[in-house]
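Colleague: Could you take me closely through one part of this model, the sheet and what surrounds it, and then turn to the contact between the chains?

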Amino acid sequence: MDTFTWLEALCTAAGAGGLEEAAETARRLLAPYMDETAVDALGNVGGLRRCGKDGAPLLLLEAHIDEIGFIVTSLDEKGFLHVSPCGGVDARALPAAEVMFYGEGEPLPGVFASTPPHLADTDGDGFPAIRDMGIDTGLEVKKLKKRCPPGTRATFRPHFRRIGETRVSSKALDDRAGVAAVLACLDILKDQALTVDLAVTFAVQEELGCRGSAVAAYAADPDMAIAVDVSFAHTPDADRSKCGVLAGGPMVGYAPSLDTALSRRLYALAMERDIPCQREVMPGDTGTDADAIASARGGVRTGLLSIPLRYMHTPAELVDIRDIEDTGRLMAAFIAEGGACQ
Amino acid sequence: MMTHLKKLCALPGVSGQEDAVRAYILHVLRQCDAVAEITVDPLGNVLARVAGRKRAAQPVLFAAHMDEVGFIITGVTDEGYCRFAPVGGIDPRVIYGRRVLVNGHPGLIGGKAVHMCSEEEKTKAARADKLLIDIGAADRAQAEQLVQPGDTAVFDSEYTRLQGGLFKARALDDRAGCALLLALAERQADYDFLLAFTVQEEVGLRGAGAAAFSLSPAVAVVVDATTAADTAGVPEDKRVCTVGGGPVLSFMDKQTLYDKALFEHVRTLAEDAHIPTQLKTLVAGGNDAGAIQRTGPGARVAAVSLPCRYLHSPSCVLAKKDLTATLALLETLADHLPADAP
């Protein structure tokens, strides 16, 4: 399988707020590279590959499998579903956006109601609150109540597209791109003898506050960890100093919550191996699972690689496949040399 | 009719570039036995004379517009993005985060991540002149191989069946009208009638005037889509019309004060044939009737509209039964000449 195929399988699966399809897909793709895989009480997917040497250090590779989405809170008398976001949904992208509800029976498509043009003059350019934006499915109230009771999860409707030669657009690239990077790393290493044991976690509930990774890191009990997430790729309207560059390679995180020696080693290794790479400096924690992993048990030396991504938390995020592959190559190089860093 | 509609909604046809839609319509008309004469005028309007069982001294004109709202590319940036302007009335709130097709090439409209937005930026829709289309190009040279200023873009949104007999697609305004008129041409009517598939409706009813001049009808019926605001949070007096309520008859909109006798003629025919109709209950919007009414010596006009939710957005929603009822009404109209003007 190639990165594009992995991504397509991962991104078109549903994984918001406890939906399991994406985790099942990720486990299926992970299993061939692992000695064993498992799913824990929260739904985190775990895998272990032993190197066969006693006392070998355990390195954890982590990416989150959940995505932003919605949960049904109520149904109004006109038959419109009202939802609360799961994670930091970009409300600017919601009017006329397409969603899929995963309730009883087959997934049900719907569209966010948009302001009719003749009402637009009075409303100006403001957006209603997400809870006030109804979602239209066409289903009558009585049947809708059965198909999508409160608590039903929804995601943006999957549309996976190649954009230009090396880029793809989809929902949920945050953080299926990270999952694909871990798979790309494992694929490079599949026939190599290693000197470290490898644990892999595809964590749930990152978008709700990095909840799954804390539990997964406790169970894995690693000696060192690398989390792979996405971060901001520059667009012309953004502050250049706060962004990475699309197709500029993995963004190596430097932050108080991360292990500085590990950050430096990853960056230096990328330079040595001619892997495109950039730095991302954060002044406190990172807002990713890396923070939760670093504080698991008695503390874990943790690094963070971020894949540059445009249009985060919208129905159409965008990444460059080469950044995912370069992230996989950098991790593979680090693991192949034994995960050494002082 | 649904086959025509699905095919028509898949074709791009932003005002001024209706070529693909026109080609499909010409292809269908040429296979209709009753269609006696087809012309394409200098603006690109498709005009046809359809023979009925009996001659009509003053055949009724049925008109629908081929064009749709969309975007025109105004330039390419050094970074390989496309600058664009909306063509026709597009609410700025349905543009952000959307997938588009520029000359058939997939692209995205987005900006910096919501995480980096100020409170004001998060809650206000960005104006189109501040947004860019990302077509995956790395720089200006790559972008210019795919796109040139003056090219057009449409929302990338396919036909999807919703529940309750509703469906969602792009450009239902007014491909639905075009599909209905094609169905009308495929049937033997009692009297001769005229057809006009017009261009440039969305940029100010610019095609219909020329079409009406060439055909000089005494009576015209315009078939278009109109706003159904029967959605969450819209007060009763601003709903305009309701999806599923049948074809919408207009007495007045922002462009036209409709002919009273013709309005009654349409309403009576519908009642006699037990076809449900509803009134457009807000003086808003406008359609080609405004141009046809005031061309040459003037014409008596009526509007038979399809109640459509989320007009001018990528997710227009129509009910199949409204299409069926509208077709039945148009067939009755083609079989019954209105009384002469008082």
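Modeller: In this predicted model, strand β3 of chain B, residues 60-65, pairs with strand β13 of chain B, residues 219-227, in the parallel sense and over three bridges. Within that pairing, L61(B) has A220(B) of β13(B) as its bridge partner. Both strands belong to an open sheet of eight strands in chain B, whose order is β1-β2-β12-β3-β13-β16-β14-β15 and whose pairing is mixed. At its edges are β1 (35-40) and β15 (278-279) of chain B, each of which pairs on one side only.

Two helices lie across these strands. Helix α5 of chain B, residues 172-185, lies across β1, β3, β12 (193-198), β13 and β16 (300-308) of chain B, and runs at about 145° to β3(B), while helix α6 of chain B, residues 208-215, lies across β2 (46-50), β3 and β12 of chain B, at about 155° to β12(B).

As for the contact between the chains, 60 residues of chain B and 59 residues of chain A take part, and together the two chains bury about 5,000 Å², of which 59% is on carbon and sulfur atoms. Four salt bridges are counted between chain B and chain A, and in one between R310(A) and D134(B) the side chains meet at 2.5 Å, N to O. On the side of chain B that touches chain A, at least two residues each come from β7 (105-110), α3 (119-123), β8 (132-134), β10 (160-161) and β11 (166-169) of chain B, with β7(B) giving the largest share, four residues. By class, this side of chain B has 26 nonpolar, 16 polar and 18 charged residues.

Terms used
Residues numbered from 1 in each chain as written. Chains lettered and ligands numbered in written order. Predicted model: local features only at pLDDT ≥ 70, side-chain atom pairs only at ≥ 80, totals over all residues. Heavy atoms only, no water. Pairing = 2+ DSSP bridges. Contact = heavy atoms within 4.5 Å. Axes fitted to C-alpha atoms, helices over the stretch in contact; angles between N-to-C directions. Buried area = accessible area lost by both parts, 1.4 Å probe. Nonpolar A, V, L, I, M, F, W, Y, C, P; charged D, E, K, R; others polar.
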